[in-house]
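Please look over the sequence and the model shown below before reading on.

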Amino acid sequence: MGEGGQRVLLCDLGWRQLSFVTGADHAALAEVATTTAAQPWHDDGRLCVISQDCDLDAAEDREPLVDLLIGRPIDALKPDNTQNRNPRQFDAKLLLAGQEQGLRFQMYEKLFVKKSWFVDRQPDAAARLSDESAKYIRFWLRDRYVRTALPNALVQRIAPQRRRLAKALRQVEGLRLFASYSPRDELHDAAMPYQLELRATYDERTADARACEAAYIECVRLLEACAGIELIEGEVLPEKVATIADLRDSVKFGYEYLSTEGEPPGEAIEQG
């Protein structure tokens, strides 16, 4: 609330999704924020607003808090972390007063701050994410809860080809794979196969049709080599041609990251 009890809209003050808090305000924010971060962030971290614009302007009794992510400086962006390929980390390019800086966001490192804190402050006008980073970080935030969770048994059968699949997908821009599979449940009998139908689409504006076709064929070849998979080859279509009916029973098949692979020992949740 502003002076005289008049309601203030944060967007009118310049606060938007992906706004940054100024470094000078970090100390004051640390006194009032609730955080999930295990490590200090005050000195070199960058604080990015991730609440959606409508939530920033919603009444406090409906949306009392602003959510922020902590970005920590890094020397170089990791390619797998820049285009929504890793559900837990995102590497972004920060433009700060004309200079570029790499930031790494961890999904679990958040701050939660009451809206009233922002009323007397303005965002950092010199800091913004690059256009590409701004686009993909929104996809990353969205897909935290809607990304496809394939059956573990299916993931394990595909796992031997994971790195080769990831390489094939990275070599072309604009290719999207979609898969439908049966049965939809876990198969505990290794002798029973999963039927997997693979389709692909590509953006004609940015993608090379022949390169996409070649990458799709390579993915088909790799999946055919997986034990316990019966592959049904589909087709590669331009996005303008592909219809909802083509993809109705499919899920997005982004195989750059496996949550169950490479976890440090001893960090599983203990029972009891």
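## The cavity and its surroundings

In this predicted model, the largest cavity is lined by R199, A200, T201, E235, L237, A242, D246 and L247. A cavity here is a set of points, on a 1 Å grid over the protein atoms alone, where a 1.4 Å probe fits but cannot get out, and lining residues are those with an atom within 4 Å of a point. Two or more lining residues come from each of β8 (194-202), β9 (229-238) and α7 (244-247), and β8 gives the most, with three residues. The names of these elements refer to DSSP runs numbered from the N terminus, helices being H or I runs of at least four residues and strands being E runs of at least two.

The space in the largest cavity is about 40 Å³, and a search of the whole structure finds one cavity of 30 Å³ or more. Such a volume is the space filled by probe spheres set on the grid points, which are joined across faces, edges and corners. Sorted by class, the lining holds four nonpolar, one polar and three charged residues, where Ala, Val, Leu, Ile, Met, Phe, Trp, Tyr, Cys and Pro count as nonpolar, Asp, Glu, Lys and Arg as charged, and the others, Gly among them, as polar.

Residues are numbered from 1 along each chain as its sequence is written. Because the model is predicted, local features need pLDDT of at least 70 and side-chain atom pairs count only at pLDDT 80 or more, while totals for chains, interfaces and linings use all residues; side-chain values use heavy atoms, with hydrogens and water left out.

## The sheet

Strands of a sheet pair through backbone hydrogen bonds, either parallel or antiparallel. In this report two strands pair if DSSP finds at least two bridges between them. An open sheet of four strands has the order β9-β8-β7-β10, with mixed pairing, and its edge strands are β9 and β10 (251-252), each of which pairs on one side only.

Within this sheet, β8 and β9 are parallel and share eight bridges, and T201 of the cavity lining stands opposite L237 in β9. β8 and β9 also belong, together with helix α6 (residues 209-224), to a right-handed β-α-β unit; right-handed means that, with the strands pointing away from the viewer, the path from the first strand over the helix to the second runs clockwise. On the other hand, β7 pairs with β8 in the antiparallel sense over eight bridges, and β7 and β10 run antiparallel with two bridges. F178 stands opposite R199 in β8 and has K252 as its bridge partner in β10.

β7 is largely enclosed by the rest of the structure, because six of its eight residues are buried.

## The nonpolar core

A nonpolar core is a set of buried Ala, Val, Leu, Ile, Met, Phe, Trp, Tyr and Cys residues joined through side-chain atoms within 4.5 Å. The largest one has 32 residues, and L175, L177 and L198 have the most contacts inside it. At least two residues of this core come from each of α4 (152-158), α5 (162-170), β7 (175-182), β8, α6 and β9, and the largest share, seven residues, comes from α6.

## Individual residues and the whole chain

| Residue | Relative accessible area | Class |
|---|---|---|
| K115 | 4% | buried |
| L18 | 10% | buried |
| I217 | 44% | partly exposed |
| A97 | 61% | exposed |

Most residues other than glycine have a negative phi, and most peptide bonds are trans. L18, however, has a positive phi of about 80° and lies in the segment before α1 (26-30). A97, in the loop between β4 (89-96) and β5, has a positive phi near 55°. A cis peptide bond, with omega about 0°, joins S182 and P183, and P183 lies in the loop between β7 and β8.

Taken as a whole, the protein chain has seven helices and ten strands, and 43% of its 272 residues count as buried. Its C-alpha atoms fill a box of roughly 70 × 55 × 40 Å, taken along the principal axes.

Note on methods. On a 1 Å grid over the protein atoms alone, a cavity is a set of points where a 1.4 Å probe fits but cannot get out, and a pocket is an open set with protein on both sides within 12 Å along at least five of seven lines; lining residues have an atom within 4 Å of a point. Buried means under 20% relative accessible area, exposed over 50%, partly exposed in between (1.4 Å probe, protein chains only).
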